[in-house]
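Have a look at it first.

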Amino acid sequence: MEQKTKIHAEDGRQELTVTRIFELPVDLLFQAYTDAAIVAEWMGTKVLKLENKAHGGYQFETTDPKGNIHRFNGVIHEIVPNEKITRTFQMEGTPFPVQLEFLEFESIDADNSKLTMHIVYKSGEWRDKMLQMPFAFGINMAHNRLQEIVDELR
Amino acid sequence: MELRRDVFQAIADPTRRAILTLVALQAMTPTAIAENFDSSRQTISKHIQILTECELLRQEQTGREIYYYINAKKMKEVADFIEPFRKMWDDRFNKLESIMKQRKSKNA
């Protein structure tokens, strides 16, 4: 089965690309990034601030199962409705440096669209640390990974 | 990290990914692998050599024939590195998609 979300991360590079095809018109996909209530719902976070304009800022807040509060923020550099958002992203209170994100929204047809997230990190080492974060947090990976990668290769 | 670099380069090539897929299904001789491709036997041998060098394939001699097997442990290592990150985004995007689909049908 073709995986809907793909990660392209070449080794030794300080960037990666996340791509995803959605069964949604591009305007709805874009709205999911600019409507604070919707962002809160799918990102599983509180949206403290979301200013959808050049030089606008955003700040999210999540509470982990132990009750610790984590905040994330960034600045929006460029925003073109249904086309692109260029922004920074930083995790507050962590040594992780700021990262630069280029989000591109493309319409495939009336009902389908594609998102390309190009993320640039301070260095290749920081990128790899970020990649390993979900693994370190112990996301439940009960399924057979070999089967999955073999499926992906098909 | 040196070996890992090789692994990612190895799986970046579509022919090598196709070879891994074939061998994942059953152990194969180099001749049997080459029969699945239009490329020359020599080209396929080179790809097999790269996959073996970065331990994605391992070889075993059976009589006069050499068979190639997939190295599940190494494959798992490659998958482990990226997969949880991919899964995290996939879960989020699935949620985004279902939320927006609901809104779409409500407004329709």
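Which side chain does A:Glu61 meet in a salt bridge at 3.5 Å, N to O? The partner is A:Lys46. A salt bridge here is a side-chain nitrogen of Lys or Arg within 4 Å of a carboxyl oxygen of Asp or Glu. This pair links distant parts of the chain: A:Glu61 sits in strand S4 (residues 56-63) of chain A and A:Lys46 in strand S3 (residues 46-50) of chain A, 15 residues apart. Helices (H or I, at least four residues) and strands (E, at least two) are DSSP runs, numbered from the N terminus.

Before going on, some ground rules. This is a predicted model, in which local features need pLDDT of at least 70, side-chain atom pairs count only at pLDDT 80 or more, and totals for chains, interfaces and linings use all residues. Residues are numbered from 1 along each chain as its sequence is written, chains are lettered from A and ligands numbered from 1 in the order in which they are written, and side-chain values use heavy atoms, with hydrogens and water left out.

Back to A:Glu61, which also has a salt bridge with A:Arg71. A:Arg71 lies in strand S5 (residues 69-80) of chain A and A:Glu61 in strand S4, so this pair ties together parts that are 10 residues apart in sequence.

Here are the pairs in chain A, including one between A:Arg13 and A:Glu15:

| Salt bridge | N to O distance |
|---|---|
| A:Arg13 and A:Glu15 | 2.4 Å |
| A:Glu61 and A:Lys46 | 3.5 Å |
| A:Glu61 and A:Arg71 | 2.8 Å |

How open are these residues? A:Glu61 is buried, at 9% relative accessible area, while A:Lys46 is partly exposed at 49%. A:Arg71 is partly exposed too, at 34%, and so is A:Arg13, at 39%. (Buried means under 20% relative accessible area, exposed over 50%, partly exposed in between, with a 1.4 Å probe and protein chains only.)

Across all chains, the search turns up 15 salt bridges. A network of them links A:Lys4, A:Arg20, A:Glu23, B:Asp90, B:Glu97 and B:Lys101.

As for confidence, the model scores ipTM 0.83 and pTM 0.66. Chain B averages a pLDDT (the predictor's confidence in each residue, from 0 to 100) of 84, and 88% of its residues score at least 70.
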